[in-house]
Amino acid sequence: MPHPATVIPRPAPVLLPVEGSAERFPVRRVYCVGRNYADHAIEMGHDPTREPPFFFQKNADNLLPAGNAFPYPPLSSDVHYEVECVLALKSGGADIQAADALNCIYGYAVGIDFTRRDLQGEAKKLGRPWEIGKAFEHSAPVSPIVPASSLGHPTQARIWLEQNGKRVQDGDLNQMIWKVPEIIAELSKLFTLTPGDIIMTGTPAGVGAVARGDRINCGIDGIATLSVEVV
């Protein structure tokens, strides 16, 4: 069935590379889990007990495919890196059971949640949403997606980030407070998940500021690596 005519040009779809394939992964929404590693919660001044997880969103077109530089954003002088494990969903629904959640995953990637920390901090003080600090252009670099069909569903793997050759974040996926099946189950209580959704699952301790000229390398051992220059 042909698409109806539009009054302005259609926005370009957001398509992410898939490792080992010429096909692309079409993105619908991007969900992020806040403070999902205990040591990061502590460094941000919070109690890392298993309180219900909380979520925020980035926009699909905030994703920055591998091979592109990250332009330092305007109106901020304190931009932080946060390395994260990224989930790409092939199916979804509402009220998904944790026991069924892994069946929804198409694949995994490594990504960076760049954050305008100064603007986020101001929003927190005023009780306002975080989008101004999180959902800005190019704020989520991401590696090609590795299909779970070739990878499986890792529950432990080293997740790390290096800034100009110095390792500044070094954790393990098994340190997540809320594990991947639980994240999907809890998120599906709040939103109806669908194929094409992306979930960024939180970051370990060691977050810090970047500057123009920095080279950021990060990865999840056995899954993917990503290199980004800050310009």
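**Stop 1: a buried charged pair**

Select Asp113 and Lys58. Asp113 is buried, and Lys58 is buried too. Keep in mind that this is a predicted model. Now show the two side chains. They meet in a salt bridge, with N to O at 2.8 Å. Where do Asp113 and Lys58 lie? Asp113 is in the loop between strand S8 (105-112) and S9, while Lys58 is in strand S4 (residues 55-58), so the pair ties together parts that are 55 residues apart in sequence.

Which network do they belong to? Salt bridges that share partners join Lys58, Glu82, Asp113, Arg117 and Lys134 into one network. How many salt bridges does the structure hold? The count is 9.

**Stop 2: a buried arginine without a salt bridge**

Move to Arg116. This residue lies in strand S9 (residues 115-116). Arg116 is buried, yet has no salt bridge. Which side chain of opposite charge is nearest? It is Glu137, and the gap is 6.1 Å. A salt bridge needs the nitrogen within 4 Å of a carboxyl oxygen.

What does the side chain of Arg116 reach instead? Draw a distance from it to the backbone oxygen of Ile132: the value is 2.9 Å. Then show what surrounds Arg116. Beyond its neighbours within four places in sequence, Arg116 is in contact with Pro73, Pro74, Ser76, Asp78, Val79, Ile132, Gly133 and Phe136.

**Stop 3: the serine beside it**

From that group, pick Ser76. Ser76 sits in the loop between strand S5 (63-65) and strand S6 (79-81). Is Ser76 buried or exposed? Its relative accessibility is 13%, so Ser76 counts as buried. The side chain of Ser76 reaches the backbone nitrogen of Asp78 at 3.4 Å. Not counting residues up to four places away in sequence, Ser76 touches Arg116 and Asp118.

**Stop 4: a four-stranded sheet**

Switch to a cartoon view. Colour S13, S12, S16 and S17. These 4 strands form an open sheet in the order S13-S12-S16-S17, with antiparallel pairing. Which strands stand at the edges? They are S13 (166-172) and S17 (224-229); each has a single partner strand, so one side of each is left without a neighbour in the sheet. From one strand to the next, the twist averages 10°. Strands of a sheet pair through backbone hydrogen bonds, parallel or antiparallel.

Zoom in on S12 (residues 158-163) and S13. Their antiparallel pairing runs over 6 bridges. Within it, Glu162 has Arg167 in S13 as its bridge partner. S12 and S13 form a hairpin with 2 residues between them. Click on Asn164 in the turn: its phi is positive, at about 55°.

**Stop 5: across to S16 and S17**

Strand S16 (residues 215-220) runs antiparallel to S17, and 6 bridges join them. Select Ile220 and find what stands opposite. That residue is Ala224 in S17.

Stay on Ala224. How accessible is Ala224? The relative accessibility is 12%, so Ala224 counts as buried. Ala224 touches Val110, Ser143, Cys218 and Gly219, leaving out residues up to four places away in sequence. Ala224 and Asn174 are 50 residues apart in sequence and 17 Å apart in space, C-alpha to C-alpha.

Next, select Glu229 and Arg215. They form a salt bridge, with the closest N and O atoms 3.8 Å apart. Glu229 lies in strand S17 and Arg215 in strand S16, so this pair ties together parts that are 14 residues apart in sequence. Glu229 is partly exposed, with a relative accessible area of 34%. Arg215 is partly exposed as well, at 36% relative accessibility.

**Stop 6: a pair along a helix**

Finish at helix H6 (residues 180-190). Select Glu186 and Lys189. Their side chains meet in a salt bridge, N to O at 3.0 Å. Why are they about one helical turn apart? They are 3 residues apart in the helix. Is Lys189 buried or exposed? At 52% relative accessibility, Lys189 counts as exposed.

Terms used: Residues numbered from 1 in each chain as written. Predicted model: local features only at pLDDT ≥ 70, side-chain atom pairs only at ≥ 80, totals over all residues. Heavy atoms only, no water. Pairing = 2+ DSSP bridges. Axes fitted to C-alpha atoms, helices over the stretch in contact; angles between N-to-C directions. Buried < 20%, exposed > 50% of the residue type's maximum accessible area, 1.4 Å probe, protein only. Lys, Arg positive; Asp, Glu negative; His and termini not counted. Polar contact = N/O pair within 3.5 Å; in protein donor to acceptor, adjacent residues only side chain to side chain. Contact = heavy atoms within 4.5 Å.
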